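Subject: Structure handover

Hello,

Here is the structure I said I would pass on. My notes on the pocket and the ligand follow it.

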Amino acid sequence: MPLSENFFDSRAQLDQALAQEVQELIRESISKRGGAVLAVSGGSTPTNLYSVLSKADLDWSKVTIVLVDERWVAADHADSNEKLVREKLLINNAAAASFIGLKTSVGDAFEEQDQVERNLAKLPGLLTVVLLGMGEDGHTASFFPGTEQLSQALDMDSGKRCQAILPKEAPHPRMTLTLPRLLSSRHVFLHITGDKKREVYQKAMEKGEIENLPVRAILHQDAVPVDVYWAP
Ligand code: 6PG
């Protein structure tokens, strides 16, 4: 599948361009299919992008927003991706969108996998747009290198939509959409900033072990086109 690289001079320019592109894909999906599903990541990189996107002139009532992954903390915890999305994306015009979070009210992520599977079952077969970030260790979503659950999360034949993950370095257990769930989509965007991440990205573009740089599972696949957006 084609991979396109979009390098910008500034993060503000990147955010405007990416928000525009995502907006157009959502609009097209609403007009062709009556709705759209947008899967979004947490972390610090997309904050301004979400603010820009929240003002898009779209029929947001026809849009479902779902998380790519979640830190297994309460929805009002500072590290919660749901909190980030509620505060930065589900505002302005986008307040009319539906939201499906990954965190349940119960304690343990591993015990909740079946419940989260059921919550995700209402999503259509293909996600319209998936917005991914990347860590400097080459993780994307919660596909952290060196974790015991990584191979299950990346297993294209698992038939699973989500996987609980216990990262070795990063805080909090996680729940992540699996690789087959993320690649059942129409468009994937990888949104990265800074020189270090660009180096990691260039390394990941070279062939090598997916387990070392799990973002390779997104960059080297035939299922869905990937657009890389980078700014310093
Ligand atoms: C998360 C993510 C994760 C994120 C990267 C980049 O919850 O941590 O969804 O995959 O996209 O860790 O995070 P930063 O933008 O903070 O560098």
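Helix 2 (47-54), strand 4 (69-71) and strand 6 (127-132) each give at least two residues to the lining of the largest pocket. Helices (H or I, at least four residues) and strands (E, at least two) are DSSP runs, numbered from the N terminus. A pocket here is an open set of points on a 1 Å grid over the protein atoms alone, where a 1.4 Å probe fits, with protein on both sides within 12 Å along at least five of seven lines; lining residues have an atom within 4 Å of a point.

This is a predicted model, in which local features need pLDDT of at least 70 and side-chain atom pairs pLDDT 80 or more, while totals for chains, interfaces and linings use all residues. Residues are numbered from 1 along each chain as its sequence is written, and side-chain values use heavy atoms, without hydrogens and water.

The lining residues divide into nine nonpolar, eleven polar and four charged; Gly counts as polar, and Asp, Glu, Lys and Arg as charged.

The ligand sits in the largest pocket, meaning that more than half of its atoms lie within 2 Å of the pocket's grid points. Around the ligand are 14 residues, of which Thr 45, Asp 69, His 139, Ala 141 and Lys 197 come nearest; a residue counts if one of its heavy atoms lies within 4 Å.

Polar contacts are pairs of N or O atoms within 3.5 Å. A backbone N or O atom of Ser 44 is 2.8 Å from a ligand oxygen, and a polar backbone atom of Gly 42 is 3.2 Å from a ligand oxygen.

Regards

Note on methods:
A polar contact is a pair of N or O atoms within 3.5 Å; within protein, one must be able to donate a hydrogen and the other to accept it, and residues adjacent in sequence count only if both atoms are side-chain atoms.
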